[in-house]
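Work through the exercises below with the model open beside you. Try each task before reading its solution.

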Amino acid sequence: MKFSNALLAGVAALALVSCGKKDEAGDAPRSETSREAAKADAGSPLDKRFSLKGAEEVDVDALFALMPEDERPSYETARFDEDLGATVVENLRFADADDGEAVIVSRAEFYGVDMDAIERIRGAEDAGLDAPFETVFQKVRFLDVASTGHMEEDEAATLAIGGVEFDRLQIRQGGFDEEGPGDEGARFFNAVNLAGLYFKDMELVTTSDEAPSVAFSAPDLRFVGMGGGRVSAVIANDLSYDMKQSAESLAAMREAMGPQGAVFLSGPLAGVVAPESQQVAMESLEWRDIDFSGLLAWGLKDEKPPMSEKDLIDLGTMKATNMVTKVNGKTAATVEEASVSAADFTWLIPADIRADTKGAVYDFTAYVPETEEEALKVLKDAGLDKVTGDGKMSWAWNEKSGAADFNYVANLDKVASLQADMAFSNMKLDEIAAAMDDGEQNAVLSNGAFKSLNIKLEDQKALDAIFSLAALQMGGTGEDLRMSAPAMIRLSGAQVAQMNPRFTDYVNAVADFVAKGGSLEISAKPAEPVPFATLQANGATAQQTMPDMLGLTVTHEE
């Protein structure tokens, strides 16, 4: 049994960040620290002093000897701190002799390591996937963690962490066997539980000659209650993500986009296509009740779950507050709250997804350099330097009736709004399952049907701004460009209109919308739901029949 790999992953390699694991009771271990860490308004667990009463010194040499020889860390000193109840190791170094990469931990604190439990884990024979758990330690803290030598060709990465805490690690008797039955990842997740994994002052930076440099900052990031294929909470405060373009990365992008695309990287709209720097930050993030336990059970069998297994995935709920996006140092957008109130699956198919954004304010001048005075004036005259808006999205699918609905609404006050609704039918799970059993490669396509579509776009100032900006790139004025555009639309649509008389109405509606603004509505309401397979076949060989088949209309209103 290769318990040493599980120990290395759980304690040294920080590999438990994104996984849930399963214990015999279906629950992750808990601790006083994890209960507090699950509270969104609580401070980082690493801000608090921890001590363990009645603790005994850990023989770190015996502990590290459990790892493969080429993976064992070195260290300078080890001593027992009676006040903390911890064995303190200084300058702990995990290194790869082959390429010079290393992770250095200035100070490591080991609390309540149970060597007897480790021996029981290692000594268990044929323990099985439901073997009892053993608590390996109460807590391990790594302080002042830094990476060195992580470079590959023209890319480099550096990692610095003020502190990492592993809270109450449990491992099944028998540990994690890489050669055992079932999916390897599922076996690992099944074998390891953790009350919590907490990061303080994490900074990850990547640099490249031909790609943007990226910096990720996480002053307070917590993964709480990982066990049984579940994560009870992910809590984060003051996360930020920075991206900066170098002259080399911009040149590589121009080359990749070709001559036409490169035009946009040298004009007033360059900041929209590829801003030199962009930062996204959020004040807080709460993501709760993530559950993959049903899927984990099938992963242990290394089998794809049958469609009769419906409760496999639940992504829980999520809320992010006070998000700020900056472009070239200037605030481009702020959002008071973005949330996902449902993310449920039936089998492996999303069944109930609901998300919305509240209290958004946008400043589109952030994408334009201060030297582009004309472009800035266009945006400010259109009121695009302070635009408020909200949005929401939902998806609902009933696996018994086969009905599914998608809805999306986005409002930019006094600028534009978009509302889109789509409906589908005949997507019954049992019929899809039967088709798959019969060898159907795309069971959803062969069974589902399109029911309706309605898209409504309302313009207030957006088109004025778009044409004025386009004129700065192409020459002339926005008014002249907008006056000429409808004629070009009708001319280019004349040939298409020969396929079906309906196309003439569509082209005229779009041309009138471009010329006069107002609203453009696209609606498709067939008399009966149209099978996806029929849509695919006709779209490839008989496009001219699609408007009649779908009952498609395109209308403009001033």
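**Exercise 1: One residue and its surroundings**

Ala 343 is found in strand 12. The model is a predicted one.

Task: Is Ala 343 buried or exposed? Which residues is Ala 343 in contact with, leaving aside its neighbours within four places in sequence?

Solution. 
- Step 1. Take the relative accessible area of Ala 343, which is 6%.
- Step 2. Apply the cut-off: buried means under 20%. Ala 343 is therefore buried.
- Step 3. Set aside the neighbours within four places in sequence; Ala 343 is then in contact with Asp 314, Leu 315, Gly 316, Asp 352 and Ile 353.
- Step 4. Check one pair further along the chain. Ser 394 is 51 residues apart from Ala 343, and their C-alpha atoms are separated by 10.0 Å.

**Exercise 2: The strands around strand 12**

Task: How many bridges pair strand 11 with strand 12, and how many pair strand 12 with strand 13? Which residue in each hairpin takes a positive phi?

Solution. 
- Step 1. Start with strand 11 (residues 317-327) and strand 12 (residues 330-346). They pair over 9 bridges, in the antiparallel sense. Thr 325 stands opposite Ala 333 in strand 12.
- Step 2. Look at the turn. This hairpin has 2 residues between the strands, and Asn 328 takes a positive phi near 50°.
- Step 3. Move on to strand 13 (residues 349-362). Strand 12 pairs with strand 13 over 12 bridges, again in the antiparallel sense. Phe 345 has Pro 350 of strand 13 opposite.
- Step 4. The hairpin of strand 12 and strand 13 has 2 residues between the strands, and Trp 347 takes a positive phi near 55°.

**Exercise 3: Strand 4 and its partners**

Task: In which sense do strand 3 and strand 4 pair? How many bridges join strand 4 to strand 6?

Solution. 
- Step 1. Strand 3 (residues 102-111) and strand 4 (residues 133-148) are antiparallel, with 9 bridges. Val 105 stands opposite Val 145 in strand 4.
- Step 2. Strand 4 and strand 6 also run antiparallel, joined by 11 bridges. Leu 143 faces Gly 163 of strand 6 as its opposite residue.

**Exercise 4: Helix 13 and two packing partners**

Task: What angle does helix 13 make with helix 12, and what angle with helix 14? Which residue classes make up each contact?

Solution. 
- Step 1. Two packed helices are described by an angle and a distance between their axes.
- Step 2. Helix 12 (residues 462-474) and helix 13 (residues 478-497) pack at about 105°, with axes 8 Å apart. Helix 12 is therefore roughly perpendicular to helix 13.
- Step 3. Sort the residues of this contact: 7 nonpolar, 2 polar and 2 charged. Among them, Leu 463, Phe 467 and Met 474 come from helix 12, and Leu 481 and Arg 482 from helix 13.
- Step 4. Helix 13 and helix 14 (residues 502-516) pack at about 170°, with axes 9 Å apart. Helix 13 is therefore roughly antiparallel to helix 14.
- Step 5. Sort again: 12 nonpolar, 3 polar and 4 charged. The residues of helix 13 here include Arg 482, Ile 489 and Val 496; those of helix 14 include Phe 503, Val 507 and Phe 513.

**Exercise 5: The whole chain**

Task: How many helices and strands does the chain have, and how many residues are in the largest nonpolar core?

Solution. 
- Step 1. Count the elements: 16 helices and 20 strands.
- Step 2. Take the burial. Of the 558 residues, 42% count as buried.
- Step 3. Find the cores. The largest nonpolar core has 47 residues, and Phe 110 and Phe 142 have the most contacts inside it. A second, separate core of 42 residues includes Ala 435, Leu 520, Leu 550 and Val 554.

Technical notes:
Residues numbered from 1 in each chain as written. Predicted model: local features only at pLDDT ≥ 70, side-chain atom pairs only at ≥ 80, totals over all residues. Heavy atoms only, no water. Core = buried A, V, L, I, M, F, W, Y, C linked by side-chain atoms within 4.5 Å. Buried < 20%, exposed > 50% of the residue type's maximum accessible area, 1.4 Å probe, protein only. Pairing = 2+ DSSP bridges. Helix = DSSP H or I, 4+ residues; strand = E, 2+ residues; numbered from the N terminus. Axes fitted to C-alpha atoms, helices over the stretch in contact; angles between N-to-C directions. Parallel < 35°, antiparallel > 145°, perpendicular 65-115°, else oblique. Contact = heavy atoms within 4.5 Å. Nonpolar A, V, L, I, M, F, W, Y, C, P; charged D, E, K, R; others polar.
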